[in-house]
Structure formats: C-alpha cells, structure tokens
Amino acid sequence: ELSSGINAEYGDETSKPSDTSRRSVLDTALKSVAGFSARSVELFKKIAELSLLRTGPLEVDVKTQADTIKFLNEVLCCEVENIREQWESKMEEKEDVDLLFVETSNAVSYVQETLHFFVPVLKWILVKTSM
C-alpha cells in the first residue's frame, strides 16, 4: 500500500496527535495531501520525459502504455482520498473536515489533469514508432 511509505515522510497518520492544536492537525493534513499530489504529478512528468527520451523499439504498444498510465493515475487519486480519510478521522470540527475535503478534491483534480499532458507524448511515441 502506498500510504505506508508516505507515513514516514508526512508523519504517522495512524496515531492521533495528543499535543497539537486543531489548526496544526489541519495544516499537517493539508500538507500531506498537497505533498502526495505534488509528488504524483512529478512522477507523471518523469514518466513522460523517459517516454520521450526512449530510443529503440517499444516493449509494449502505445495502447498498453496509455492504459497503464491511466491505471496509475486512478491509483494515485485513490491514495490521495485515503490520506484524506486517515486525517479526517482525527478532526473534530466540521469546518476542518469540509476544508480538507475541498482541498483533497482540488488535489485529485490536479492529479487527474496530468493525463491530458500524456496525449501529445503518446502521439509522439505513435509517430516515432510508425517511422
């Protein structure tokens, strides 16, 4: 599970912080969601760069690459939601939960939009392989 590796980097999300204020919990939750979504976008950027730099024959066809990228995007979006759910259980104020929900929705949209960047990359790969 991806979130187990995230716990070490963004703080342990399984234990309720006892000495932190309400605002601190919200700030940490927002940083966790933002950090994971930013790293997800960076991952897609690296995949695109590597795809464009590839020389030689493809190991898999472009459709398989597109399906794999789409699946990875779905997994990462689900993981952003999992992070939200873990932090939401530590929040007592409805307004904090609502704010976290809105920010998580924005983060998921941001990660989903990275798929649009792959269209030209996949087109380039298709043109390159048909030569």
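This is a predicted model: local features need pLDDT of at least 70, side-chain atom pairs count only at pLDDT 80 or more; totals for chains, interfaces and linings use all residues.
Visitor: What makes up the chain, in terms of helices and strands?

Guide: There are 4 helices and 0 strands, and along the sequence the pattern reads α-α-α-α. Of the 131 residues, 33% count as buried.

Visitor: Why are α2 and α4 called roughly parallel?

Guide: Their axes cross at roughly 5 degrees. Angles under 35 degrees count as roughly parallel, so α2 and α4 get that label. The two axes come within 9 Å, with α2 covering residues 22-53 and α4 covering residues 94-130.

Visitor: What kinds of residues make up the contact of α2 with α4?

Guide: That contact divides into 18 nonpolar, 5 polar and 5 charged residues.

Visitor: And why is α3 described as roughly antiparallel to α4?

Guide: Here the angle is about 170 degrees, and the axes are 10 Å apart. Anything over 145 degrees counts as roughly antiparallel, so α3 is roughly antiparallel to α4. The residues of this contact split into 18 nonpolar, 5 polar and 4 charged.

Visitor: How do you know that the length of α3 agrees with what a helix of 27 residues should span?

Guide: Helix α3 runs over residues 62-88. The expected span is 1.5 Å times one less than the number of residues, which means 39 Å for α3. The C-alpha atoms at its ends are 39 Å apart, so the two values agree.

Visitor: Which residues of α3 are buried?

Guide: The buried ones are V62, Q65, I69, N73, L76, C77, E79, V80, I83, R84 and W87.

Visitor: What about L72: why is it called partly exposed?

Guide: L72 sits in helix α3, with a relative accessible area of 25%. Buried means under 20% and exposed means over 50%, so L72 counts as partly exposed. The C-alpha atoms of L72 and S40 are 9.6 Å apart, and the two residues are separated by 32 positions along the chain.

Visitor: How do you know that C77 is in no disulfide?

Guide: A disulfide needs two cysteine sulfur atoms within 2.5 Å. For C77 the nearest cysteine sulfur belongs to C78, and that one is 7.1 Å away, so C77 is in no disulfide. A search of the whole structure finds 0 disulfides.

Visitor: Is C77 buried or exposed, and on what value?

Guide: C77 has 7% relative accessibility. The cut-off for buried is under 20%, so C77 counts as buried.

Visitor: And what makes C78 partly exposed?

Guide: The relative accessible area of C78 is 48%. Exposed begins over 50% and buried lies under 20%, so C78 falls in between, as partly exposed.

Visitor: Why is K90 called buried?

Guide: K90 is found in the loop between α3 and α4. Its relative accessible area is 10%, and under 20% means buried, so K90 gets that label.

Visitor: What lies 3.3 Å from a polar atom of the K90 side chain?

Guide: That is the backbone oxygen of Q86.

Visitor: How do you know that L122 is buried?

Guide: L122 belongs to helix α4, and its relative accessible area is 15%. With buried set at under 20%, L122 therefore qualifies. L122 and A66 are 56 residues apart in sequence, while their C-alpha atoms are 7.4 Å apart in space.

Technical notes. Residues are numbered from 1 along each chain as its sequence is written. Side-chain values use heavy atoms; hydrogens and water are left out. Axes are lines fitted to C-alpha atoms, for helices over the stretch in contact, and angles run from 0 to 180 degrees between N-to-C directions. Helices (H or I, at least four residues) and strands (E, at least two) are DSSP runs, numbered from the N terminus. Angles under 35 degrees count as roughly parallel, over 145 as roughly antiparallel, 65 to 115 as roughly perpendicular and the rest as oblique. Ala, Val, Leu, Ile, Met, Phe, Trp, Tyr, Cys and Pro count as nonpolar, Asp, Glu, Lys and Arg as charged, and the others, Gly among them, as polar. Buried means under 20% relative accessible area, exposed over 50%, partly exposed in between (1.4 Å probe, protein chains only). A polar contact is a pair of N or O atoms within 3.5 Å; within protein, one must be able to donate a hydrogen and the other to accept it, and residues adjacent in sequence count only if both atoms are side-chain atoms.
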